[in-house]
Amino acid sequence: MKTHPADLSHEFKRLFRTMTFVAGRSALHERGPQAQRFAEIYQQLGVLWEFLALQCRHTAGWRKLRAGKLACKLCGTLRDAPERWLLLPRDGRKTVGRKRLPNSGETFPNKRVATIVDDTIAFHGATLSVAVHNAYRSRMLRSGSGECDVSIAADRCVRVREGAMECWMDTSLAQLTLRGRKRGERPPYGAFVFELPKRVLKRFPILIEHDSRGDLVGVTVFRPVPVQSRRKTAKAAPRKRAGSRSERSGTRGA
Ligand SMILES: [Zn+2]
């Protein structure tokens with residue numbers, strides 16, 4: 001549970017008083033084992049400050065420092081200072097960062113300076129990656145003869161991975177991959193639905209959803225059951241399996 005803001009203010013006052021107390025010890029400024037002990041305490045209080053400041057939302061306003069920098073009035077963290085840690089509540093919704101979008105019309109010389117965010121979180125077994133970048137020039141696809149760099153458009157790419165499945169979303173695509181390519185395997189064939197003959201389509205358990213105006217609403221892919229587990233479930237619960245199979249073929253026929 002997070003500390004209430006009023007409690008937090010109280011905690012910071014206590015911490016800063018203790019730090020001032022330790023810093024004011026005359027032994028700290030002399031040589032000897034006692035000075036080392038006080039220095040150690042001061043260091044530990046510094047760590048406590050860092051972790052306590054993670055609970056601060058920095059909404060109390062900013063106070064000007066001598067060097068022209070701004071510090072949070074409550075916790076004393078410098079504005080724009082990089083924070084090394086995140087504090088997340090164990091229960092309830094967890095928020096990490098804000099939604100970032102490309103923020104410049106400029107084309108940057110390379111990917112590194114064009115990158116706004118490139119972050120990954122492993123969450124209860126699933127992996128989520130978010131990459132946002134402005135437009136940049138890339139040499140990756142440079143042909144042997146020409147000197148022309150390729151311009152990569154500004155984009156926001158979100159990728160979710162669950163086992164072998166991956167969902168990729170960017171400004172122009174929403175792509176679902178059921179399994180990654182094995183080593184040495186050819187790249188997959190691609191075709192639009194209308195290009196495929198019916199006999200091929202019947203092998204793909206895909207449902208395309210549209211609204212009354214004929215606009216695409218969604219695509220549902222029924223996950224193919226691996227042969228091995230199909231045999232297992234067929235043995236364990238033959239009636240249930242048979243039911244779901246007929247349901248599926250019903251959908252396919254529709
Ligand atoms: Zn603060």
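**Close-up views of a predicted model**

View 1. Thr107 has Ala135 in β6 as its bridge partner. Strands here are DSSP E runs of at least two residues, helices are H or I runs of at least four, and both are numbered from the N terminus. Two bridges join β3 to β6 (residues 135-138), and the two strands run parallel. Two strands count as paired if DSSP finds at least two bridges between them. The sheet is open, has the order β3-β6-β7 and shows mixed pairing. Its edge strands are β3 (107-108) and β7 (150-152), each pairing on one side only. Strands of a sheet pair through backbone hydrogen bonds, either parallel or antiparallel.

**Reading the model.** Residues are numbered from 1 along each chain as its sequence is written. The model is predicted: local features need pLDDT of at least 70, side-chain atom pairs count only at pLDDT 80 or more, and totals for chains, interfaces and linings use all residues.

**View 2. The largest nonpolar core holds six residues**. They are Phe12, Ala53, Cys56, Cys72, Leu74 and Cys75. Such a core is a set of buried Ala, Val, Leu, Ile, Met, Phe, Trp, Tyr and Cys residues joined through C-beta atoms within 7 Å. Buried means 20 or more other C-beta atoms within 10 Å of the residue's own, exposed means 12 or fewer, and partly exposed lies in between; C-beta atoms are placed from the backbone. Ala53 touches Cys75 and Thr77, leaving aside residues up to four places away in sequence. A contact needs C-beta atoms, placed from the backbone, within 7 Å.

View 3. His58 sits in the loop between α2 (33-53) and β1 (62-64). His58 is partly exposed, because 15 other C-beta atoms lie within 10 Å. The loop between β4 (115-123) and β5 (126-133) holds His124. His124 is exposed, because 4 other C-beta atoms lie within 10 Å.

**View 4. Val217 lies in strand β12 (residues 216-221)**. Val217 counts as exposed, because it has 8 C-beta neighbours inside 10 Å. Beyond four places in sequence, Val217 touches Glu209, His210 and Asp211.

**View 5. Confidence is lowest in helix α6 (residues 238-253)**. Mean pLDDT is 44 in α6, against 98 in β5, where confidence is highest. pLDDT is the predictor's confidence in each residue, from 0 to 100. Over residues 240-254 pLDDT stays under 50, and the model has seven contacts beyond four places in sequence for them. Where pLDDT is low, the predicted coordinates should not be read in detail. The chain mean is 85, and 83% of its residues reach 70 or more.

Methods
Contact = placed C-beta atoms within 7 Å.
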